[in-house]
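Have a look at the structure first, and then we'll go through its contacts.

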Amino acid sequence: MTATSEAMPAQRRQLAALNPIQQLQAGQLPRRLVQLYLGLFLYGASMGLMIQGNLGLDPWDVLHSGITKHLDVSFGTVVIAMSFVVLLAWIPLRQWPGLGTISNAIVIGLVTDLTLNTVARPDELWLRAVFMVAGIVVNGLAGAMYIGAQFGPGPRDGLMTGLVRRTGLSVRLVRTTIEVIVLGIGWLLGGVVGLGTVAYALAIGPIVHLLLPLFTVKLSVPAVPTPSPRPQEQPEA
């Protein structure tokens, strides 16, 4: 390897642990921004479809729907407000939000309300089932897109990864614990729990696992040059 090639950035396709400044300096900014906001738009739209399907929601949306039973505010407003409440928990975890984190907190809620205001709730059970399935599939696609853009995790995903890092517990244990607690509170508040809740729990992981490698953008991360070996000293004559 030449000295020139050592200084060139290495192309990396895996998810990278970057601070907010590094996220903006990692290359392919136009493509990543388009992917980020398209993913967030589709995520909000998928939530709207599942809500209008009315066959059950994912754990966090069960909580959101439960809160709307007690407050005279829109679903999207609750999503945005809860996102910033969750971000407060990042402070003791010493995590920095990225552009994707803040965008996630705002855009998804706005698009969810837009979808709810433009897509009517069907009466036919088969059509509600279509809404549910489409919502889950599009949600997985959207998650892979905005995560793969590498602008930082959403507030709820960041809470999970922060707790994993600080506690040393497994991702599975932390995520399951959070979602069981959130689901339980949402159910007690009157949130919509049903077949869609179970289907989401079973399907979302495999869908994201399948699609995330396809949407993870290669980043230009500067490689650390390997120091050349020092020449051996010649023995004195």
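A salt bridge here means a side-chain nitrogen of Lys or Arg within 4 Å of a carboxyl oxygen of Asp or Glu. One thing to keep in mind as you read: this is a predicted model.

As a general point, side chains of opposite charge can pair when their charged atoms come close.

Is Glu179 buried, exposed or partly exposed? Buried would need a relative accessible area under 20% and exposed one over 50%. Glu179 comes out at 23%, so it counts as partly exposed. Arg175 has 34%, so it is partly exposed too.

Next, the aromatic rings. Searching the whole structure turns up 1 aromatic pair. The rings are those of Tyr43 and Tyr146, with centres 5.8 Å apart and planes at 75°, so the pair is edge-to-face. This pair links distant parts of the chain: Tyr43 is in helix α3 (residues 29–53) and Tyr146 in helix α8 (residues 125–148), 103 residues apart. Tyr43 is buried, at 17% relative accessible area, and Tyr146 is buried at 5%.

| Charged residue | Ring | Distance to ring centre |
|---|---|---|
| Arg32 | Phe151 | 4.1 Å |
| Arg156 | Trp60 | 5.2 Å |

Now for the inside. Nonpolar side chains tend to be buried together in soluble globular proteins. In this model the largest nonpolar core has 28 residues, and Leu36, Leu40, Tyr43, Met47, Ile108, Ile136 and Tyr200 touch the most other members. Two or more core residues come from each of α3, α5 (75–88), α7 (99–118), α8 and α11 (195–215). Which element gives the most? That would be α3, with 7 residues. Notice that Tyr43 turns up again here: it is on that list of core residues as well as in the aromatic pair.

Finally, the surface. Leu24, Leu29, Tyr37 and Leu99 make up a nonpolar patch there, with about 300 Å² of accessible area together. Leu24 is in helix α2 (residues 20–25), and its relative accessible area of 44% makes it partly exposed.

Key. Residues are numbered from 1 along each chain as its sequence is written. This is a predicted model: local features need pLDDT of at least 70, side-chain atom pairs count only at pLDDT 80 or more; totals for chains, interfaces and linings use all residues. Side-chain values use heavy atoms; hydrogens and water are left out. Buried means under 20% relative accessible area, exposed over 50%, partly exposed in between (1.4 Å probe, protein chains only). Rings of Phe, Tyr and Trp (its six-membered ring) pair if their centres lie within 6.5 Å; planes under 30 degrees apart count as stacked, over 60 as edge-to-face and the rest as tilted. Helices (H or I, at least four residues) and strands (E, at least two) are DSSP runs, numbered from the N terminus. A charge sits over a ring if NZ of Lys or CZ of Arg is within 6 Å of the ring centre and within 35 degrees of the ring normal. Patches are made of residues with over 30% relative accessible area and no salt bridge: like charges are joined within 9 Å, nonpolar side chains (Val, Leu, Ile, Met, Phe, Trp, Tyr) within 5 Å. Accessible areas come from the Shrake-Rupley method with a 1.4 Å probe; for residues, only the protein chains shown count as cover. A nonpolar core is a set of buried Ala, Val, Leu, Ile, Met, Phe, Trp, Tyr and Cys residues joined through side-chain atoms within 4.5 Å.
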